[in-house]
Amino acid sequence: MKLKLDIDPDIVAMMATEVAAGERAVTGAMREAGTGLKSAWRLQITGAGLGPRLANSIRSQNFPRSGESLDAAALVWSKAPVIVGAHDTGPLIRSKNGFWLAIPLPAAGKSLRGGRITPGEWERRRGLRLRFVYRRTGPSLLVAEGRLNTKGQAVVSRSKTGRGKVTAPIFLLVPQVKLPKRLDLARDADRALDSVPGLIVANWVSTKLDGG
């Protein structure tokens with residue numbers, strides 16, 4: 001017995017149309033979810049007071065980069081993962097050598113390389129020696145003998161009489177610091193993931209209504 005199967009061209013065309021509609025729906029949904037997550041993470045960062053520069057480190061990329069696919073995906077990441085990750089997890093930070101963490105005070109000024117200045121850089125730039133002051137209660141200190149300039153930073157005193165000379169606290173010394181958790185990136189990521197099925201359906205319906 002022989003069976004002959006004839007496939008109606010209209011059915012083939014309808015199936016191809018449905019596949020194309022699905023590709024557009026999935027690709028559009030992933031694009032919306034990725035863009036939404038990027039915006040949510042940026043809003044979290046600025047809302048936490050971490051500044052627009054760090055917020056703009058959040059980027060997104062859609063795959064495939066061009067065209068449409070049922071396997072479409074979106075990637076959202078930060079170009080400053082260490083900083084963002086630290087504020088997301090709130091880690092306990094200890095000194096690498098097991099001694100002290102030196103936290104610069106206003107009199108220390110800024111590093112020429114950006115970020116926080118270190119005791120070594122401070123001594124080289126200011127031409128002053130730092131002196132250790134142990135305190136039984138509260139953090140110990142690194143202090144310097146000098147004067148405060150108009151910016152409130154400690155500098156060498158040129159006075160021969162000692163006028164205006166002060167003992168200025170330059171660094172706080174602590175054994176460890178617990179960075180406060182200021183972000184919850186997983187919360188927004190879960191929301192974006194949960195939104196994907198609804199976005200796919202909405203995009204599919206929209207495609208059908210538009211005659212796609």
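Biologist: Where does P64 lie in this predicted model?

Modeller: P64 lies in the loop between β1 (58–63) and β2 (73–78).

Biologist: What makes the peptide bond that joins F63 and P64 cis?

Modeller: Its omega is about 0 degrees, and the bond between F63 and P64 is cis.

Biologist: Why are β4 and β8 called paired strands?

Modeller: Pairing requires at least two bridges between two strands. Strand β4 (residues 101–104) and strand β8 (residues 166–174) share four bridges, so they count as paired. Their sense is antiparallel, and P104 stands opposite F171 in β8.

Biologist: How do you know that β6 pairs with β8?

Modeller: The same cut-off of at least two bridges applies. Seven bridges join β6 (residues 140–148) to β8, therefore the two strands pair. They run antiparallel, with V143 opposite P169 in β8.

Biologist: Which residues of helix α3 are called buried, and why?

Modeller: In α3 (residues 81–89), V84, A86, H87 and D88 are buried, because each has under 20% relative accessible area. Just after α3, G90 takes a positive phi of about 65 degrees.

Biologist: How many helices and strands does the protein chain contain?

Modeller: The chain contains five helices and nine strands.

Methods:
Residues are numbered from 1 along each chain as its sequence is written. This is a predicted model: local features need pLDDT of at least 70, side-chain atom pairs count only at pLDDT 80 or more; totals for chains, interfaces and linings use all residues. Side-chain values use heavy atoms; hydrogens and water are left out. Buried means under 20% relative accessible area, exposed over 50%, partly exposed in between (1.4 Å probe, protein chains only).
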